[in-house]
Amino acid sequence: MIRICVLLVILALTGCGFQPVYGPGGAGAALQNRVIVDPPRDREGFLLVRQLEDRLGRAADPAYTLSVALELTQEDRAIDPDGDIRRFHLIGTAIYELRESGTGDIVRSDAVNNFVGYSATGTTVATLAAQRDAQERLMTILANQIVQQLQASRL
């Protein structure tokens, strides 16, 4: 019974045009080690570029150039009775363009956004460590969203 269900699922997926991202001819294979990311300008940009290169690889002979513009804001979310801020949201938007390296033509452009939270309890050092960790988590999330959109698109 389980085998029949699995076979039906496989047949349904092949009938609808499903193609694995990292399968032969998939978008993942088309981008792997073929994209160079513009150099970062700041710490957050460095974290994002590092995550993108982890997922896409480093291109020796790039077919595409990826440019990313980051916009980060911080919101106060929880204030205690003494007026101290105890929780923050770090909100990030990454606007990206994927261009053909040879011609400069835009292949894909879009924006992704997300947020993470962190607490400001305890010492200043603990708060700064929480903020840095939140920045790393946000850059990981944004990189995942960018790569997912690129892999889902037809290049």
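The structure is a predicted model, in which local features need pLDDT of at least 70 and side-chain atom pairs count only at pLDDT 80 or more, whereas totals for chains, interfaces and linings use all residues. Residues are numbered from 1 along each chain as its sequence is written, and side-chain values use heavy atoms, with hydrogens and water left out.

The protein chain contains four helices and four strands, where helices (H or I, at least four residues) and strands (E, at least two) are DSSP runs numbered from the N terminus. Along the sequence these elements follow the pattern α-α-β-α-β-β-β-α. Of the 155 residues, 28% count as buried; here buried means a relative accessible area under 20%, exposed means over 50%, and partly exposed lies in between, with a 1.4 Å probe and protein chains only. The accessible surface of the chain comes to about 9,600 Å², and carbon and sulfur atoms hold 55% of it, the areas being computed by the Shrake-Rupley method with a 1.4 Å probe and, for residues, with only the protein chains shown as cover. Among the contacts (heavy atoms within 4.5 Å) with a separation of 6 or more, 61% are accounted for by residues 24 or more positions apart.

Strands S2 and S3 run antiparallel and are joined by 15 bridges, and two strands are said to pair if DSSP finds at least two bridges between them. Within this pairing, Ala-69 stands opposite Ile-95 in S3. The hairpin of S2 and S3 has five residues between the strands, and Gly-83 takes a positive phi near 90 degrees there. S3 is also joined to S4, by 13 bridges in an antiparallel arrangement, with Glu-97 opposite Ser-109 in S4. S3 and S4 likewise form a hairpin with five residues between them, and in its turn Gly-104 has a positive phi of about 80 degrees.

The structure holds one aromatic pair. The rings of Phe-88 and Tyr-118 have centres 5.2 Å apart and planes at 25 degrees, so the pair is stacked; rings of Phe, Tyr and Trp (its six-membered ring) pair if their centres lie within 6.5 Å, and planes under 30 degrees apart count as stacked, over 60 as edge-to-face and the rest as tilted. The pair links distant parts of the chain, as Phe-88 lies in strand S3 (residues 85-100) and Tyr-118 in strand S4 (residues 106-119), 30 residues apart.

In soluble globular proteins, nonpolar side chains tend to be buried together. A nonpolar core is defined as a set of buried Ala, Val, Leu, Ile, Met, Phe, Trp, Tyr and Cys residues joined through side-chain atoms within 4.5 Å. The largest such core in this model has 27 residues, and those with the most contacts inside it are Leu-52, Leu-66 and Ile-146. Two or more residues are given to this core by each of strand S1 (35-37), H3, strand S2 (64-79), S3, S4 and helix H4 (124-152), and H4 gives the most, with eight residues. Leu-66 touches residues that include Val-35, Leu-52, Leu-56, Tyr-96, Leu-98, Ile-146 and Leu-150, when residues up to four places away in sequence are not counted.

Helix H4 has 29 residues and reaches 42 Å from its first C-alpha to its last, close to the 42 Å expected at 1.5 Å a residue, where the expected span is 1.5 Å times one less than the number of residues. Its buried residues include Ala-134, Leu-138, Leu-142, Ile-146 and Leu-150. Thr-140, which also lies in H4, is partly exposed, with a relative accessible area of 24%. Thr-140 touches Gln-51 and Arg-55, not counting residues up to four places away in sequence, and its C-alpha atom is separated by 8.4 Å from that of Leu-52, 88 residues apart along the chain.

Helix H3 (residues 43-56) has 14 residues and reaches 20 Å, close to the 20 Å expected, and among its buried residues are Leu-48, Gln-51 and Leu-52. Just after H3, Gly-57 takes a positive phi of about 85 degrees. A positive phi, near 60 degrees, is also found for Asn-33, a residue other than glycine. Asn-33 is in the loop between helix H2 (27-31) and S1 and is partly exposed, with a relative accessible area of 41%.
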